[in-house]
Amino acid sequence: MTLPANSMRYLVFLFPLLVDMTIACFLFGMPVRASYLGLTDTATGWLFTVFNGSYILTAFVVGRWGRGRMSVLLLLSAGAPAVFALFFLIDDMAWPLAIAMTGLAISSSSFFISFQLKMGSVTGMHPRRSAAWYAFAWSTGMAIGLLVQGVVSGPDNPWFIVPMIIMPLVVVALLLLYRDRLQAMVVDEEADDDLAHDPRYVLIGRIGIVTAVIVIFGCMGILPKVGLEELDIGTMTMGAVLFLSRLTMAISALVCMAYTRWLYNPVVLAVANILGILGFVLAAMSGSNAMLLCLGLCVASIFGGVCFYQAVVYAIMDPATAARYVACNEMLVGAGAVAGSLLAGYAAELLGAQGLLLAAAAVIGIAMVIEILVLSRGNGHATQY
């Protein structure tokens, strides 16, 4: 099947969209299923730690050996572990959940690193554009997955597993269909816009992505369980709340593409951090009011969109270091998620829903101080990309 280059450059972003739909279905379904199986908040946090530990290890292996043609091979096979993991969700016991999360971690980590390394050559886009579309695609996929899984994650509902089965298979089918295009090198990359690259922001991107993962995937990740048990918010309503927050994050990342100078503007960086803090504080004040909780999480998600966009574009700006930087980012995603899962589990159990959300605001505040210290080291050695 042959498609025009202009169509293919956008169609390729269906891959991260569909992969993150699958991941969202897993990550929403797991804490809900853990609640039905009687697991504590702390045990649920450790369940996510298993996922993220496997994610870090896979990122290390892929970053070291998954370059060149191997990245295409990894893309084609990325769905297999996730499909295999689904067999462990049939049993009504707790331990198979850990095995399922391990399979999902191997699939997602190998896919995302390989895709980021190939998306520039496939689309011919400038890094600041491909990074924006990538962040928009996976964030949108996660938003849709949360909404879908919120609908089907009812008590003793066997249909909860269906979205997790379909999407890995669709991804594999699409990758097989377009494998020739993925193997090709597109050379008509968009012209540079003479944007000066400040190396300090590579570190800023890493701080931002760790912080965003801790608060977006750690603290927000346990909300389906906390919503059921403490806030009296059902899975369908919570799925809609998280869908809107992730959609806000996706749109925020895409908007960043249009304002190039945002990439190295400390004022914009500060505003994004402040929005994250205010959003979580507002969510903490919501109580059982789902609309106020949604508003707060949407405001906080603007911070997430900016962080995820910046981290990717800083990592792929220089092709010579892209593989190492992308793998480093994904390892930091796993590390941040481990810290976030543990923080969320303990905070929810000891402090309740309000304490959990205020802890997320505090984490962003600490990261903001660290970023200010990094930027205070002078002007850096800016180079032209």
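Q: At what angle do helix 13 and helix 15 pack, and how far apart are their axes?
A: This is a predicted model, in which local features need pLDDT of at least 70, side-chain atom pairs count only at pLDDT 80 or more, and totals for chains, interfaces and linings use all residues. Residues are numbered from 1 along each chain as its sequence is written, and side-chain values use heavy atoms, with hydrogens and water left out. Helix 13 (residues 266-284) and helix 15 (residues 322-375) pack at about 165 degrees, with axes 7 Å apart. Helices here are DSSP runs (H or I, at least four residues), numbered from the N terminus. Axes are lines fitted to C-alpha atoms over the stretch in contact, and angles run from 0 to 180 degrees between N-to-C directions.

Q: Which residues make the contact?
A: Among them are Leu269, Ile277 and Phe280 of helix 13 and Leu357, Ile364 and Met368 of helix 15, contact being heavy atoms within 4.5 Å. By class, the contact has 16 nonpolar, four polar and one charged residues. Ala, Val, Leu, Ile, Met, Phe, Trp, Tyr, Cys and Pro count as nonpolar, Asp, Glu, Lys and Arg as charged, and the others, Gly among them, as polar.

Q: Turning to cavities, how many are of 30 Å³ or more?
A: The count is five. A cavity is a set of points on a 1 Å grid over the protein atoms alone where a 1.4 Å probe fits but cannot get out, and lining residues have an atom within 4 Å of a point.

Q: What about the largest cavity: how much space, and which residues are closest to its centre?
A: The largest cavity holds about 340 Å³, a volume being the space filled by probe spheres set on the points. Tyr55, Phe112, Trp138, Phe217 and Val333 are the closest to its centre, of 21 lining residues.

Q: And the lining by class?
A: The lining of the largest cavity divides into 16 nonpolar, three polar and two charged residues.

How values were computed: Helix = DSSP H or I, 4+ residues; strand = E, 2+ residues; numbered from the N terminus. 1 Å grid on protein atoms, 1.4 Å probe; cavity = no way out; pocket = protein on both sides within 12 Å on 5 of 7 lines; lining within 4 Å.
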